[in-house]
Structure formats: structure tokens, C-alpha cells
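Thanks for coming. I will go through one structure this morning, so please have the sequence and the model open.

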Amino acid sequence: MSRYLGLRRIHEVRGFGGFGRSALIAASVTALSLTASGCVVVHGEREVLPTTTRAEAATALQEFTAAYNKADKAYDSSLDAEYTTGALADIDSARLTAGKANSPDGNARHAPLKLTDAKFTIPKKAGWPRWFLADAAGNKGGDSRWLLVFTRSGQDETWEAAYLTLVGPDALPKFAVDEDGWAEAVPANAADPAVPPGELSAAYATYLKKGGDGGGAAFAEGPHTSAWRELRTKKSTRPGLATQYIDEPMTNGDYAPLALRTEDGGALVFFTTRHFEKQTAAAGASVPTPNKDVLALTTGEIRQTLTMEFLSNQVALDPGDGDAGKVEILGRIQGLTSAKGE
């Protein structure tokens, strides 16, 4: 099974066998701006300003990559914990934990990740958290582009990568930008995309369970929608082994969706979901023995059932409300975070 960033890449559905110009940075504290008439108070939490500079964004990407490589080489999650959050932190931490359990001396197959040709989409917004999108080419994953969303909740905090997905080189839409090249952040409750970004996680979870319109959201067919549902249906009907699925939205705190306005009035949305897969063997039979990475994250004794918990982060193209198009999942990365045997 191929993995990129050591994580499980899901560009095509697989079974669950394993796993420029300077700008002011908005601050949470009051900034003073001198004018001809005296001092003018500018409240960073209310002013609409670029979330960072392009130079600082480039530094954040470099620092993340360096920390990730150290953690991957040593299988030590403490080495990049400061640079990850949300779904990515959970997936990466579990991967490193399993790696350490199975290879206490570190990752003998470590190959440093290199990200080049980085492009940064930086929105103008008020309030915290501040965030931006890094889009880079990687030395792993073929010609796919690596999308990393960095966020922080205070001026003195470290930029942390909250979302990571891989997409095709021509998959990204054009973003709406102002005359200075700054992008527009789309609020979670925005009504102009077909699905408000804050509701996309729940709509996707409903779609995976029921199909159809996903509880009001129409999803385009593809590897992360119709094909994934078809695969799960096949797995759930295997003789002697019943497989059940539960899909849950995740929208709070570090798992909140983040969205950028596209040129056509829609939005590119990054969001998180949680998924459970429960395998139950028929009487007299046993659940197939999982691989060593799953075993490393499993509590309890696997007798007749095995319940696995996965976290998944997606990037979706959410069309404008007046657009007849469907929500398209452009990329998805999922990772096992825990398992329980009974």
C-alpha cells in the first residue's frame, strides 16, 4: 500500500487493510498606527487584513517539513507535535505511535519529504484563527500537488498544519483575489455556496450512510463518494463476516472547516469526518487478523469483533448556490487512529 507523508493516501478507494508583497499581520492585541492627526487604534481582531505575509508562510512550510522529517525518521510524535493540529495531528500521531511500537529504533525506510514550487493562497479576514493554504509539489505522490492548510489562534503561536490532502496537478480551481493578490475566506455559515462550509461534514457523513442527495447536498460521483460507498457495500456482505460503518461529522475547534472563495463564486472547502468500521465474525469464526500497524493501535483482545476508528480530511469544490453543479471531493487522506477488540 502506498503512503505519502507516511500517511495513507486515498486518491483511489482501497480496503482498510492498513493503514510577494509584505502585509501587516493581524494580531489579537491592539496595534497603534501613527497618522498626521495622532495615534489611531487598530484592533487586529476586527480589522480585515491578510492573515500572514508570503515570506512567513514560506517559513511555516519549511519548519513543518523539517519537523515532520525528524519525527518520521525517529518515529517520535513529539518531534512534530508543535507543527500539527486537528485531523492531521491525530492521523500523524497514530501513524508514528504504531511505527514506534513496531520499529523502536526508528524508521529504517525513512526518505526525507521535499516540497518545492510552493504557492501560497493567503486570505484577508478579521479575527482568529488566522490561516492560509500552501500548495506545493512533493518528491512523493507522483505529480500530485500537496495541499497544506496552516492555522494559528494567536500572534505568538506556531503555525500548525491542520489539513493535508493530495490532488491532481490541474484539480485546483482559480481563487477570487483582490488587486493585491489576497484571497477571500468564506465563513462557515456562508449561504452562497451550494452547501454552507460548516454543514459539509454532516452532509458528507449522511451521503456515505444513505447515498442519494447526502441530506440535501448533491455529491458528484468519484473515488471518494460513489466508488467508496460501493466498496463498503461489497465488504459488508462477505460470508461469515459482517461489517458495519458509522460516519460522523467533525466541525468544532481544530476540526472546523476552512474555505476559500473561488472565481466562480463557489468555495474550496477543507473539512474533517470520523469513521468507524466494526467487523463481527459469525459464530464459530474469528475476525481476520489485522496487520501489525492496526494491532499496535488496538486495545482489548480481538475475539469476535474489531472496531476501528479512522479520521479523514477532505478538500471539496463546493459550487456557487446558483450553479447546477454538484459538490466534488477532490482529495481525501484517511488514517487509523485507534482500534478495539472484543
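Leaving aside residues up to four places away in sequence, Phe-132 touches Thr-51, Thr-52, Ala-57, Ala-60, Phe-120, Thr-121, Ile-122, Pro-123, Leu-148, Val-149, Phe-150 and Trp-159; contact here means heavy atoms within 4.5 Å.

Two notes on where this comes from. It is a predicted model, in which local features need pLDDT of at least 70 and side-chain atom pairs count only at pLDDT 80 or more, while totals for chains, interfaces and linings use all residues. Residues are numbered from 1 along each chain as its sequence is written, and side-chain values use heavy atoms, with hydrogens and water left out.

Phe-132 belongs to the largest nonpolar core, which has 23 residues; Phe-64, Leu-115, Phe-132, Leu-148, Phe-150 and Leu-164 touch the most other members. A nonpolar core is a set of buried Ala, Val, Leu, Ile, Met, Phe, Trp, Tyr and Cys residues joined through side-chain atoms within 4.5 Å. Buried is under 20% relative accessible area, exposed is over 50%, and partly exposed is in between, with a 1.4 Å probe and protein chains only. Elements giving two or more residues to this core are H1, S8, S9 and S10, and H1 gives the most, with six. Helices (H or I, at least four residues) and strands (E, at least two) are DSSP runs numbered from the N terminus. Apart from this core lies another, of 17 residues, among them Leu-200, Trp-228, Ala-259 and Phe-271.

Now the backbone. The peptide bond from Trp-128 to Pro-129 is cis, with omega near 0 degrees. Pro-129 sits in the loop between strand S7 (123-125) and strand S8 (130-138).

Pro-129 also brings us to the second largest pocket. Its lining has 22 residues, and Pro-129, Trp-131, Ala-256, Pro-257 and Leu-258 lie nearest its centre. Strand S9 (145-152), strand S10 (160-167) and strand S13 (258-261) each give two or more residues to that lining, with S10 giving the most, three. For the term itself: on a 1 Å grid over the protein atoms alone, a pocket is an open set of points where a 1.4 Å probe fits, with protein on both sides within 12 Å along at least five of seven lines, and lining residues have an atom within 4 Å of a point. The space in the pocket is about 350 Å³, a volume being the space filled by probe spheres set on the points, which are joined across faces, edges and corners.

Two residues other than glycine have positive phi. Which way does the burial of Tyr-75 go, buried or exposed? Tyr-75 has phi near 50 degrees, lies in the loop between helix H1 (54-74) and helix H2 (86-102), and is buried, at 12% relative accessible area. Asp-117 also has a positive phi, of about 50 degrees, but is found in strand S6 (residues 115-121) and is partly exposed, at 48%.

Last, Leu-317, in strand S16 (residues 305-318). Leu-317 is partly exposed, with a relative accessible area of 23%. Between Leu-317 and Leu-172 there are 145 residues in sequence and 8.6 Å in space, C-alpha to C-alpha. Beyond four places in sequence, the contacts of Leu-317 include Pro-173, Thr-262, Ala-267 and Leu-268.

That is the tour.
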